[in-house]
Every structure is written in structure tokens, then in C-alpha cells.
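User: I am new to reading protein structures. Could you take me through this one, step by step?
Analyst: Gladly; have a look at it first.

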Amino acid sequence: MKTARWIFSGLALAALTSTGCVLTSAQILASFDLPNPFTIDATDNMERVTVDLNRISDYADNKDKLKGLSDFAVLGTFTNTLGPAGTVTVYIDAGTTNHANAQAVINNATKLWGPASIGAAGSATETVTLSWDDSAALLDAAGKQIVLDEAEGDGRFTIYTVGTPGGTYNVRVDDGFLVLVLDAGL
Amino acid sequence: MMKKMFATVLVALALGSTTATAASIGIGAFGGASIPIVNDLSSNGSQFGVRVPVNLVPLLTVEPFFATSSLGNVEETFGPTTFERDGGKNTGFGANVLFTFGTGVQFFPFAGIGSYKIERDGSEDITDIGYNFGLGIGFSPIPKIGVNARGEFNMVTTDETSQKFANITLGASYSLVSMP
């Protein structure tokens, strides 16, 4: 029985010392409403949205206990109302920035999500609503790290939705949401 | 660090089994429910697996296991649209140590360690160490056959946090080798 006690104690000690407070952690769903609707058009090829996670009560309640980001997705309905088939990509900057055009965004910001493909205006695929699974798969690791850093900081960052560079188009985004699953202590 | 700890515990279990007088070796299967705890990414699902109980000395059994859980999808409505997220799959292998009390109907608290992989569509796989704690009750209706029910707390560590599951299973085992 000495062996048994040693093994049991070892397992308990390993669990406690290696996990610390992880025993009291949770995965918490939170969402941020994007402007509804917003449009990406060829005027500047992008749309800028400032995000303040503090507006999300689930985030504000758990901000001081935040440990990680389990999941991230951009959900909404994308409709191409003008022009050929193209893509939509989301970039992120820490804090508040204001780039002049899509090329400045691509050069200076970090890719967060995408590209998501959208069909030509007038085609059967001019309207796209990605599934949650498909959207989560478009998350970029570098952008995710910025979201996490900002979430652990002041909760404020800037995202840019960018269309096909150089294209002539008009993509309307209805009912857009940023959906996050936070790893937080309890 | 975690891999070293996992290896150390497995070696300890192996050493324990070689230095003790083996009494019996069996094989068993189990199935039941897997319930995510404070986890908005998954809902209730099912769990199945196999176990190899090795009874070393009276009161003590080491039990390597393989288990896989299919967790339920999560549905949420954003705006006018309801979206569904894959609940994922939790697969693990490792070993539990059971401390058996009673004759006839037996009660056994247990603890264990394993390597777990959590997979979800659209996300990177998570592979990490997990710990199990629980309580079981079992009896042998006929020679060589045992049946049991268990409640288990499974915690898979993921960096500074963890994903936790409550597993409730029914199982049956067959004694392959029995030595005096």
C-alpha cells in the first residue's frame, strides 16, 4: 500500500502543481456587434471599425481573469452588389489607427481573418454567409495574438475589412459580428 | 515540463506493476455521457473506450485506458441567423490507479493521468496532459465478468487554463489472466 499511496500522492501533486488555478477556468462566449450594415467599396477599398471590447459585458466581467483566446470568428452576411467575384480579408491594428486606404492597411496592419471568397454581383454566389466552423478556420495566428494582447490590455483595437486590391466592387456586410471564446479564470 | 511529468508518472506506474505480484489482467469496454463543464464551446456528448485492468496487489489496480468523446455542437443566434459550432472530439490514452474497497459490491476511488487531443473543425488541435479523478462502483455477476459504473472528472490542461469534463460511464470487463 506504500506504493499505492506514493502513486496517488504523486498524481495529486502533479495535477495541482502543474495546473495551478486552471482548475477554476472556463471558456466564455462573447460577441461584438459590427456596424449594421457596412460597406466596402472601391472608393478606398476598405472599411475601418474601432473595437472596444469593454462594451461586451462578458468580457468586462472577466477581463482581469483572462488567460487566452480559444476561438474567434467573423460572422455575417456578405453581399457583392457590384463587380466581379473577389475576396474579403480582415486586418487588425493594436489601439486606434486610421490608415488612408487598403494598400496602407495591407502594408502596415496584421492579417486577422480571411480571405473569404464571394461571387460576382448578380451570380448565385453574390451573397455568402459563412458557417461558424468555416469562419473560425480563416483566423490568422498573428492577428489572433494581437486580439489576445489587446484583450489582456485595454480591450481596444482597430479592424479593417479589405476587398480585392484594385478591384471595382461594392460588398455590403449585414449583421456582422466578431465572436470570441475567452479562456478565463472564475 | 508536462511531458516529463507525464513520462515520470507512467514510469512509476510501470515500476509499480513490475515490483508487485500480479494477480489478474483483464480487458474491458465502457460507454456513457461526457458533459463539458463551464465550456461555451461544446455541449453534452458521448464517450466510449477500452480499459485493461491489471490487479497488482489486493486493493490496488492499475488500468491503462483509451477513451474518445464526441461532444455536442453549440448553437447560438447572432442577429437574425442561428449558427452552429462543432463541439469537437476529445481523445485520450493513459492510466488510472484504482483503490478498491469492499467484497461483492466494490467501491473504488481512482486517479489517473493521460495524453489528450481535443479536435474541433476550424481550429488547431490541442494536445496536452489531462488528469482524471473519480469514484466507481462495481461487482462481478458471474466468474471472470465484472461490471461497473463510474463518475469521473477529466481536466485537460491548455496553457494557463483547462477544459474540463464530467464523464458518467457504464463498463464491463473480462478477466483474461488470473494468477494466485
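User: In which loop is Asp159(B) found?
Analyst: This is a predicted model, in which local features need pLDDT of at least 70, side-chain atom pairs count only at pLDDT 80 or more, and totals for chains, interfaces and linings use all residues. Residues are numbered from 1 along each chain as its sequence is written, while chains are lettered from A and ligands numbered from 1 in the order in which they are written. Helices (H or I, at least four residues) and strands (E, at least two) are DSSP runs numbered from the N terminus. With those labels, Asp159(B) sits in the loop between S10 and strand S11 (161-178) of chain B.

User: Is Asp159(B) buried or exposed?
Analyst: A residue is buried if 20 or more other C-beta atoms lie within 10 Å of its own, exposed if 12 or fewer and partly exposed in between, with C-beta atoms placed from the backbone. Asp159(B) has 12 C-beta neighbours inside 10 Å, so it counts as exposed.

User: Which value does phi of Lys144(B) lie near?
Analyst: Lys144(B) is in the loop between strand S9 (126-142) and strand S10 (145-158) of chain B. It counts as exposed because it has 12 C-beta neighbours inside 10 Å. Its phi is positive, in a residue other than glycine, and lies near 75°.

User: Which residue takes a positive phi in the hairpin of S5(B) and S6(B)?
Analyst: Two strands pair if DSSP finds at least two bridges between them. Here strand S5 (residues 74-78) and strand S6 (residues 81-85) of chain B run antiparallel, joined by five bridges, and Val74(B) stands opposite Arg85(B). Two residues lie between the strands, and the positive phi, near 65°, belongs to Gly79(B).

User: In which order do the four strands of the open sheet in chain A stand?
Analyst: Strands of a sheet pair through backbone hydrogen bonds, either parallel or antiparallel. In this open sheet the pairing is antiparallel, and the order is S3-S8-S5-S6.

User: Which are the edge strands of that sheet?
Analyst: Each edge strand pairs on one side only. In the sheet S3-S8-S5-S6 of chain A, these are strand S3 (46-52) and strand S6 (110-118).

User: What is the bridge partner of Val90(A) in S6(A)?
Analyst: Strand S5 (residues 86-94) of chain A and S6(A) run antiparallel, with six bridges joining them. For Val90(A), the partner in S6(A) is Trp113(A).

User: At about what angle does helix H5 run to S6(A)?
Analyst: Axes are lines fitted to C-alpha atoms, for helices over the stretch in contact, and angles run from 0 to 180 degrees between N-to-C directions. Helix H5 (residues 141-152) of chain A lies across S5, S6 and strand S8 (156-162). Its angle to S6(A) is about 125°.

User: In which loop is the place of Pro37(A)?
Analyst: The peptide bond from Asn36(A) to Pro37(A) is cis, with omega near -10°. Pro37(A) lies in the loop between strand S1 (25-33) and strand S2 (38-41) of chain A.

User: In which strand is the place of Pro115(A)?
Analyst: The peptide bond from Gly114(A) to Pro115(A) is also cis, with omega near 5°. The place of Pro115(A) is in chain A, in strand S6.

Key
Two residues are in contact if their C-beta atoms, placed from the backbone, lie within 7 Å.
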